[in-house]
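Hi,

Here is the structure I promised to pass on. Have a look at it first, and my notes on what turned up follow below.

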Amino acid sequence: MQKIDNIIEQIKQGIKRQEMFIARENIETEEGRKNIEFYRCKIAELEYRIKELEEKKKGTSSILVPKYGDGKYAADSYKESFDMLRVWYYKHFHQDPSFSPVPKRDMMFYDPTLWMPVNTYLVKGKIPFELMFSENYPNYKSDNTKSISIELPFDILSKEENEEYLRYMLELIKIYSGNNVNLVLGNGVSTRGMLSFIADNELSVYPVKDLGYYDFFNRLCDNNIRNIIYIGDSMKKGIKSETIDTVQREIVDFHKKLTANEGITEEELERSNEKIKKRILSINNHL
């Protein structure tokens, strides 16, 4: 107990230091205002840490329930996105999730030729998964102009007994995007799968949107074998049927053949993909 009290006292001294830094800044300058905001955010994080330690002093298993703007990650540029994850996670798993950055995962789908920079975080727990943000979500609002992906064990997609976890992940995508998942992948024979919402602007890199749609999938599949399980209607909106058919024939079906050559027949792969797709569509209809 004394040790916790000592830590709390040290944190309080840290708060006083931040207050001292604030007092030194010139609020009349832009740089001064930015510095003051940063120090205030650090104070919020330190105050949250004190609350956690005070809960620990009680000797109970109680934890602080995550809330939007509670200050735990106040100094991080992705604080709103983190709080959205934490509130959702606590609702389902009754824990404040532990997560950490994955610096090497700096491109969605791990493909630099498909230019989709992301910040990736490993969310730990019973079912670890990686969450990829293309941007932050200010004011905790859903935003369909930003792309987001979850990489998770393929068993969550393929096994019916894991359907509840699949439901949780699809819900998380919708919380951020305001829309249902519109792209589901298995990375060839990988044991990992991906649930994604791809924003419309990712397909608008050319004056003609059809070219953007084709180019997206062409670049997605230029370096890796992809088992493309599902392409949602929101990705196909405004795309000519001829372009959709070309992508299906030249890219999706071709990569199914490549995947099948790795130890599963095309028929088995197609049956598995159809089951996954039907399960996802059924869940989406109730989100």
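In this predicted model, the largest nonpolar core has 38 residues, and those touching the most other members are Leu85, Phe129, Leu131, Phe133, Tyr176 and Leu195. By nonpolar core I mean a set of buried Ala, Val, Leu, Ile, Met, Phe, Trp, Tyr and Cys residues joined through side-chain atoms within 4.5 Å. Buried stands for under 20% relative accessible area, exposed for over 50%, and partly exposed for anything in between (1.4 Å probe, protein chains only). Helix H5 (residues 163-177) gives the most to this core, namely eight residues. Another core lies apart from it, with 24 residues that include Leu183, Ile228, Ile231 and Ile251. As general background, nonpolar side chains tend to be buried together in soluble globular proteins.

A word on the ground rules. Residues are numbered from 1 along each chain as its sequence is written, and side-chain values use heavy atoms, with hydrogens and water left out. Because the model is predicted, local features need pLDDT of at least 70 and side-chain atom pairs count only at pLDDT 80 or more, while totals for chains, interfaces and linings use all residues.

Which residues does phenylalanine 129 touch, leaving aside its neighbours within four places in sequence? They are Leu85, Trp88, Tyr89, Tyr121, Leu122, Val123, Ile150, Glu151, Leu152, Met169, Leu172 and Arg192, where contact means heavy atoms within 4.5 Å.

Next, the sheet. The chain has nine helices and seven strands; these are DSSP runs numbered from the N terminus, helices being H or I with at least four residues and strands E with at least two. Seven strands form an open sheet in the order E1-E2-E3-E4-E6-E5-E7, with antiparallel pairing. Two strands pair if DSSP finds at least two bridges between them. At the edges are strand E1 (99-101) and strand E7 (227-231), each of which pairs on one side only.

- Strand E2 (residues 119-123) pairs with strand E3 (residues 129-133) in the antiparallel sense, over five bridges. Phenylalanine 129 in E3 has valine 123 opposite it.
- Strand E4 (residues 148-153) and E6 are antiparallel and share six bridges. Isoleucine 148 has phenylalanine 197 as its bridge partner in E6.
- Strand E5 (residues 183-186) is joined to E6 by four bridges, again antiparallel. Leucine 195 in E6 stands opposite valine 184.

Strand E6 (residues 192-197) is mostly covered, with five of its six residues buried.

Tyrosine 121 belongs to strand E2. Its relative accessibility is 11%, so it counts as buried. Leaving out residues up to four places away in sequence, tyrosine 121 touches Tyr78, Phe82, Phe99, Ser100, Pro101, Val102, Phe129, Glu130, Leu131 and Phe133. From tyrosine 121 to phenylalanine 99 there are 22 residues in sequence and 6.3 Å in space, C-alpha to C-alpha.

Back to H5. This helix has 15 residues and reaches 21 Å from its first C-alpha to its last, close to the 21 Å expected at 1.5 Å a residue; the expected span is 1.5 Å times one less than the number of residues. Among the buried residues of H5 are Tyr165, Met169, Leu172 and Tyr176. The buried residues of H5 pack against helix H3 (79-93), E3, E4, helix H4 (154-158), E6 and helix H9 (266-284). After H5 comes glycine 178, with a positive phi near 75°.

The loop between H5 and E5 holds asparagine 182. Is asparagine 182 buried or exposed? It is buried, with a relative accessible area of 1%. Its side chain makes a polar contact with the side chain of serine 234, at 3.0 Å. (A polar contact is a pair of N or O atoms within 3.5 Å; within protein, one must be able to donate a hydrogen and the other to accept it, and residues adjacent in sequence count only if both atoms are side-chain atoms.) Not counting residues up to four places away in sequence, asparagine 182 touches Ser196, Phe197, Ile198, Tyr230, Ile231, Gly232, Ser234 and Met235.

Finally, the chain overall: 44% of its 287 residues are buried, and its C-alpha atoms fill a box of roughly 65 × 45 × 30 Å, taken along the principal axes.

Best wishes
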